[in-house]
Amino acid sequence: MTATLYMDYAASTPVDPAVAKAMADVLAGEAGTGNPAATHWAGQAAGQVVEQARVRVAALIGASPGEIVFTSGATEADNLAVIGAARFRRQLGRHIVTTLIEHPAVLESCRALEAEGFEVSYLPPDNQGILAAELVAAALRPDTILVSVAHVNNELGVVQPVAAIGEVCRRHGALLHVDAAQSAGRLPVDVRAQCIDLLALSAHKMYGPKGVGALFLDRERCRRVEPLFHGGGQERGLRPGTLPTHQLAGLGVAAELALQRLDSDVPAILALRERLEQGLLQVPGVQLNGHVTQRSCHIVNVSVDGVEGESLRCGLRDIALSSGSACAAESGEPSPVLRTLGRPDHVAQASLRFSLGRTSTMADVEASVAAFTATVARLRALAPA
Ligand SMILES: *Cc1c(COP(=O)(O)O)cnc(C)c1O
């Protein structure tokens, strides 16, 4: 029974049946034949699919279709935003501001820029994972060209005050890039109201297919970035390569569904999260990581005192969940994000991220709470602290 428990929606989500159907229809039809760049009838059929997806993705974030560039996912969109914007604006300055808890797609892009002579300030959030806009304001320098902050942190689920950070950036003149891979479809995102200049999102975090995503570039403030790929003129030359028509059909439908379902999905997932959180925190020595209220509906990250992380994960291996982030999971190292929050290593390594989604049920939650409670009790009985 527990073998089918999926509690890892922050790592990836199931493909919505309507998305799968849209993709299959494209693959089987004439839009699947033509190259969207071709001007003949088959190309036009493919091009229509692409442009419909562009309209739908733009609508999800309050942008115009012409401001959307399709990529292979949020990793590529983050790379294109951070590296592309920095390289394009290097004459204006070489300083970038980000946080210590960003996704590797942003952190490693910043590291790559450091090797090119850029300087990066990695700001520490507070011990609840929140980055105050004042901290960003204090870090800005005359040569700061870019600020990069995730809207929702993928490990903790904390929501950053992006609109306030955006205002700070506007006053200064620096661009704001927001990684919205976790927030698109889970929180309202409005690039204008939130003063966002660049924004990355990923289809597979919102019930679309893996391997496709998008970058928004504000038409007034950030028309161009330095492309990472070289080839044909697709996507205004910013991301050359034949567009994956069926993937984009899937992304488009996923974006449309995300917008339509936001008002019903969020309260439903939140109710599940509240019960999950209450159940997990009822176990003595369990601590919530991240801000209590300033948090997305879908993530609960807890640390467990007095148990060994590997034994805990092993005891719960029938539940698909994550120890921090999927990316840190392989190394077995304590999560750098939890370290940044000031959690001691022995506590940080016994941490779990449960994440919920559209297809989660209260039965999943109850089974997870029961398995967690029993496993922690069993481990503590084996090796009393
Ligand atoms: C999943 C995720 C990414 C990477 O997205 P892909 O489409 O898998 O490349 C980037 N940033 C955050 C915050 C994520 O959660």
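Figure 1. At 34% relative accessibility, Arg236 counts as partly exposed, a class lying between buried (under 20% relative accessible area) and exposed (over 50%), with a 1.4 Å probe and protein chains only. The model shown is predicted: local features need pLDDT of at least 70, side-chain atom pairs count only at pLDDT 80 or more, and totals for chains, interfaces and linings use all residues. Residues are numbered from 1 along each chain as its sequence is written, and side-chain values use heavy atoms, with hydrogens and water left out. Arg236 lies in the loop between strand S8 (213–217) and H7; helices (H or I, at least four residues) and strands (E, at least two) are DSSP runs, numbered from the N terminus. Although Arg236 is not a glycine, its phi is positive, at about 55 degrees. Most residues other than glycine have a negative phi.

**Figure 2. Cys195, a second residue with positive phi.** Phi of Cys195 is near 55 degrees, again a positive value in a residue other than glycine. Cys195 belongs to the loop between strand S6 (175–179) and strand S7 (198–202). With 12% relative accessibility, Cys195 counts as buried.

**Figure 3. The loop residue Ala38.** Ala38 is placed in the loop between helix H1 (17–28) and H2. Its relative accessibility of 22% makes Ala38 partly exposed. Leaving aside residues up to four places away in sequence, Ala38 touches Gly43 and Gln44, where contact means heavy atoms within 4.5 Å. The C-alpha atoms of Ala38 and Glu235 are separated by 14 Å, and the two residues are 197 residues apart along the chain.

**Figure 4. The packing of helices H2 and H7.** Helix H2 (residues 41–61) and helix H7 (residues 245–281) pack at an angle of about 30 degrees, and their axes are 8 Å apart. Axes are lines fitted to C-alpha atoms, for helices over the stretch in contact, and angles run from 0 to 180 degrees between N-to-C directions. H2 and H7 are therefore roughly parallel to each other, a term for angles under 35 degrees. Residues of H2 in the contact include Ala46, Val49 and Arg56, and those of H7 include Leu248, Gly252 and Glu256.

**Figure 5. The open sheet of seven strands.** The strand order is S2-S8-S7-S6-S5-S3-S4, and the pairing is mixed; two strands pair if DSSP finds at least two bridges between them. Strand S2 (68–71) and strand S4 (119–123) stand at the edges with a single partner strand each, so one side of each is left without a neighbour in the sheet. From one strand to the next, the twist averages 20 degrees. S7 and S8 run antiparallel and are joined by five bridges; Leu201 has Ala214 in S8 as its bridge partner. Helix H3 (residues 74–88) packs on the sheet, and its direction makes about 160 degrees with that of S7.

**Figure 6. The open sheet of three strands.** This sheet has the order S9-S10-S12, with antiparallel pairing. Its edge strands are strand S9 (286–288) and strand S12 (351–355), each pairing on one side only. Five bridges join strand S10 (residues 299–304) to S12, and Val302 has Leu352 in S12 as its bridge partner. H7 packs on the sheet, touching S9, S10 and S12, at about 5 degrees to the direction of S10. Helix H12 (residues 362–382) also touches S9, S10 and S12, and its direction makes about 10 degrees with that of S10.

Conventions
Parallel < 35°, antiparallel > 145°, perpendicular 65-115°, else oblique.
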